[in-house]
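Thanks for coming. I have one model to show today, and I will keep to what can be read from it.

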Amino acid sequence: MILVVLSGGIGSQLFQYAAGYSLAKEKKCRLLLDYSFFFTKMSYNLFKLDQVIHISDEIFIKNIWLSRLIRIWFGILSYSTFFKIKYERIDIKNPFEFEIFPDASNYFINGYPNNIEYVYKNLDEILGKFKTKKNNEN
């Protein structure tokens with residue numbers, strides 16, 4: 001599983017989703033989107049990702065405690081299988097720098113992966129998910 005924390009504005013959310021989507025497609029696994037950040041009083045109205053892109057197969061997590069429980073489960077699973085099922089926590093520090101993720105079965109991605117290298121393999125598919133409004137007047 002790939003667990004991606006969504007935060008920031010719509011541009012950041014799009015890059016976070018696209019990076020998670022591309023990694024989940026590469027690893028052939030599920031994508032979980034943690035948007036618990038948007039359930040605070042200050043940032044409640046900032047979640048806009050579902051308004052601009054078709055999101056259908058992904059699982060949304062809006063409770064921070066559930067997100068933490070899933071991450072703990074990843075760690076326990078990794079230890080109990082003697083690291084045959086690997087879990088990697090990725091904290092992206094520089095949003096524009098591309099870093100190759102270590103090989104693992106499960107990932108937790110936190111930060112801003114704003115480099116096109118994270119998504120270039122699936123760029124056409126991701127762009128095809130954008131919702132567009134047709135204007136019949138023009």
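Predicted model: local features only at pLDDT ≥ 70, side-chain atom pairs only at ≥ 80, totals over all residues.

Start with strand β1, which covers residues 2-5, and strand β2, residues 31-34. They pair in the parallel sense, over four bridges. One point to look for on the screen is V5, which stands opposite D34 in β2. Between these two strands comes helix α1, residues 10-27, and β1, α1 and β2 together make a right-handed β-α-β unit.

Next, the other partner I want to show for β2. Strand β3, residues 59-61, pairs with β2, again in the parallel sense, over three bridges. Here L33 has F60 in β3 as its bridge partner.

Now back to β1. It also pairs with strand β5, in the parallel sense and over three bridges. L3 stands opposite F108 in β5. Strand β5 in turn is joined to β4 by six bridges, and those two strands run parallel. In that pairing, E88 has Y107 in β5 as its bridge partner.

How many of the six residues of strand β5 are buried? Five are, so the strand, residues 106-111, is largely enclosed by the rest of the structure.

Let us look at the side chains of β2. Which way do they point from the strand? L31 and L33 point one way, L32 and D34 point the other way, and all of them are buried.

D34 lies in strand β2. It is buried, yet it has no salt bridge. Which side chain of opposite charge is nearest to D34? It is R71, at 4.5 Å. What D34 does have is a polar contact of 2.6 Å, side chain to side chain, with S67.

If you leave out residues up to four places away in sequence, D34 touches L3, V4, V5 and L6, and also I61, I64, S67 and R71. So R71 is on the contact list of D34, although there is no salt bridge.

K28 is not a glycine, but it has a positive phi of about 55°. Where is K28 found? It sits in the loop between α1 and β2, and it is exposed, with a relative accessible area of 76%.

F82 also has a positive phi of about 55°, and it is not a glycine either. This residue is in the loop between α3, residues 64-80, and β4, residues 87-92. Is F82 buried or exposed? It is exposed, with a relative accessible area of 71%.

L69 is exposed, at a relative accessible area of 53%. To place it along the chain, compare it with K129, 60 residues apart from it: the two C-alpha atoms are separated by 30 Å.

To close, go back to D34 on the screen: buried, without a salt bridge, and in polar contact with S67. That is all I have.

Methods:
Residues numbered from 1 in each chain as written. Heavy atoms only, no water. Buried < 20%, exposed > 50% of the residue type's maximum accessible area, 1.4 Å probe, protein only. Pairing = 2+ DSSP bridges. Right-handed = clockwise from strand over helix to strand, strands pointing away. Lys, Arg positive; Asp, Glu negative; His and termini not counted. Salt bridge = Lys/Arg side-chain N within 4 Å of Asp/Glu carboxyl O. Polar contact = N/O pair within 3.5 Å; in protein donor to acceptor, adjacent residues only side chain to side chain. Contact = heavy atoms within 4.5 Å.
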